[in-house]
Amino acid sequence: MALLLEQQFAPLSDTNEIDTKTFLESVSYLPPFFDCLGSKVFAPIKADINGNITVTFSEFLPISYKKIKAVYDSDPVKYETLQQILLIEKSTYGSEWPKVGATLALMWLKRGLRFIQILLQSLADGERDENNPNLIRINITKAYDQALKRYHGWIVQKVFKAALFAAPCRSDFLKALSKDQEVAEEDCLAKIRQFLINFTATVDAIYEMYSAMNAELDYLV
């Protein structure tokens, strides 16, 4: 779990506003998480995370919309919080909003973050396939179905299903999260639960923000 604990997400303020700089710094540590899943099919999810927070991203297909970090760097004071980014872009883009700018980038990013959150929560809760207890397909499938499936067309869904057979076993995945160190499973799960406290609160706050501002879009890719 050293991988996820390297840069834990910060606690939310009383107003649930999310500091953009701190958020981006925390998210920048997450893309290697998908490497632990051991399959290139998860690259689109990793690309949503990595591609939305860096200006250059050569490993995967380029993201077509403005990156969150690029918007923040253009005026750190103006875009101090994620809430400010959405409010300013709503005023700036008018009828084009929310399918533009950092608003759109964050919309996809939060779905990738929700995928991570549900997958890790499922593992922490001890959910297993009774017939294959050392596989994590059931956990990955739950995360995909709840976080991403509804936004993917049938071709992407089929690719994802095929990729499940390349998913690592539970023990290998937990070892990868621990940077190949030998860590007792319960110790690793305890650290997952620790990571999830602020991470889940942050993801929930972003979803609530999109719902309150009517900024969610349901188109397929």
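N16 is partly exposed, with a relative accessible area of 32%, where partly exposed lies between buried (under 20%) and exposed (over 50%), taken with a 1.4 Å probe and protein chains only. This residue sits in the loop between α1 and α2, helices being DSSP runs of H or I with at least four residues, numbered from the N terminus, and its phi is near 65°, a positive value in a residue other than glycine. The model is predicted, so that local features need pLDDT of at least 70 and side-chain atom pairs count only at pLDDT 80 or more, while totals for chains, interfaces and linings use all residues. Residues are numbered from 1 along each chain as its sequence is written, and side-chain values use heavy atoms, without hydrogens and water.

E17 belongs to the loop between α1 (2-5) and α2 (20-27) and is partly exposed at 41% relative accessible area.

K179, in the loop between α10 (170-177) and α11 (185-212), has a positive phi of about 55° although it is not a glycine; its relative accessibility of 43% makes it partly exposed. The peptide bond from W97 to P98 is cis, with omega near 10°, and P98 is placed in the loop between α6 and α7 (101-124).

L86, part of helix α6 (residues 82-93), counts as buried because its relative accessibility is 0%. Beyond its neighbours within four places in sequence, L86 is in contact (heavy atoms within 4.5 Å) with W97, T103, L106, M209, Y210, M213 and A215. The C-alpha atoms of L86 and Y210 are 8.7 Å apart, although 124 residues separate the two along the chain.

Conventions: Helices (H or I, at least four residues) and strands (E, at least two) are DSSP runs, numbered from the N terminus.
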